[in-house]
Amino acid sequence: MHTLGVDGGYTQKDVQEVARCFTGWSIHQPFGGQRRDRFARPGMPGAADVPPGSFIYRDWAHDQGEKVVLGVKIPAGGGKRDGDMVLTLLARHPSTARFIATKLCRRFVADEPPAGLVARVAATFERTQGDIRACLQTIFESPEFFDPAVYQAKVKTPLEFVASTLRAAGAEITDAQVLTGALARMGMPLYGCQPPTGYKDVAEAWVNTGALLNRLNFALVLASGNLPGVKLPPTASGDDGRALIETLLARYVGGSVSETTYRALEDIIGDRTRLKVRTPTTPDNEPVLEEDGDAENDDASMMPAMPRPRRTPGKAFAPGVNPAMRRYDLALEALAQADAPLPLTAQLTGLILGSPEFQRR
């Protein structure tokens, strides 16, 4: 499934035969020698010289019978070679070329990549026997890659969004725990994907009202300078609101945004309302934004540290909430409970970092 693809032309019988081919393929002392190796056999060659956690072939556990995989007969008595033959069959199969070509084109071009480009990349994969660099060269030299229709067609995953906001803001990170909590709240906990296919690389997996509000909340609390373990350099400020908008747009999105985004930024300048974050503590309580009164100080660097919200001593975390997530929740709650509204610079920065233009890569 992860080489030929779901529609790669294999049958359930092929799956069973492949499993037989890989019998005996194992890991030597996967727990680092902390447990007795219950698979060891007297006189087993090489086991004593294999570092814990390394691949090891156990011939005594291998099915030595004849197998048939994808119509190819694998003779009896092949031992470890049975698994090697399967890997070769899969690597050279046209379905594998098409499957990997589709994934590469989806990653670098669009969620629904052009069929013609996928076919050319698959042909390159087959011709070069799986040279990924050659496949990428085919993509990057193609007219589809430079088609205006696919410019910024990809939406950042939460990990890409968090990393890009930190880079764009020039953040100095001394403790990343709160950032891992933010990623978990955005639905992409580090190393937390259950399916072996990994996190999805398409917009539909990440774009919905709740997810976008979560991203905007993160951008606002980052811009306010109140994420513990994350320090921001001094930012631009001034009385000329439109000049400030232009300065921040040039810094974060190259100066180009839609009319809708620009009008939203101008609205902040025009009526001097302030945005605050209302934070969720459970998945059912989605974050929302609310307006507040005028700010007396627009310099984010002068904004005092937010007070830590009062918590009930000994209160347990909600189900599924880990310490990193709770630390991030507390940062958001502190910002929401603060008496002082967000400075203008922090608001504009947060809105730009949460804008559709910055969401795309």
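I started at leucine 190, which sits in the loop between helix 7 (177-185) and helix 8 (209-223). Helices here are DSSP runs of H or I, at least four residues, numbered from the N terminus. This is a predicted model, where local features need pLDDT of at least 70 and side-chain atom pairs 80 or more, while totals for chains, interfaces and linings use all residues. Residues are numbered from 1 along each chain, and side-chain values use heavy atoms, without hydrogens or water.

Next I looked at the cores. A nonpolar core is a set of buried Ala, Val, Leu, Ile, Met, Phe, Trp, Tyr and Cys residues joined through side-chain atoms within 4.5 Å. The largest one has 36 residues, and Phe218, Leu227, Tyr328 and Leu348 have the most contacts inside it. Among the elements giving two or more residues to this core are helix 6 (158-169), helix 11 (323-337) and helix 12 (344-353). I noted another core apart from it, with 15 residues, including Cys105 and Leu136.

Then I checked phenylalanine 218: leaving out residues up to four places away in sequence, it touches Leu227 and Tyr328, among others (contact means heavy atoms within 4.5 Å).

Last, helix 3 (residues 94-108). Its buried residues include Ala101, Leu104 and Cys105. Helix 2 (81-91), helix 4 (115-127) and helix 5 (132-140) are among what covers the buried residues of helix 3.

Key:
Buried < 20%, exposed > 50% of the residue type's maximum accessible area, 1.4 Å probe, protein only.
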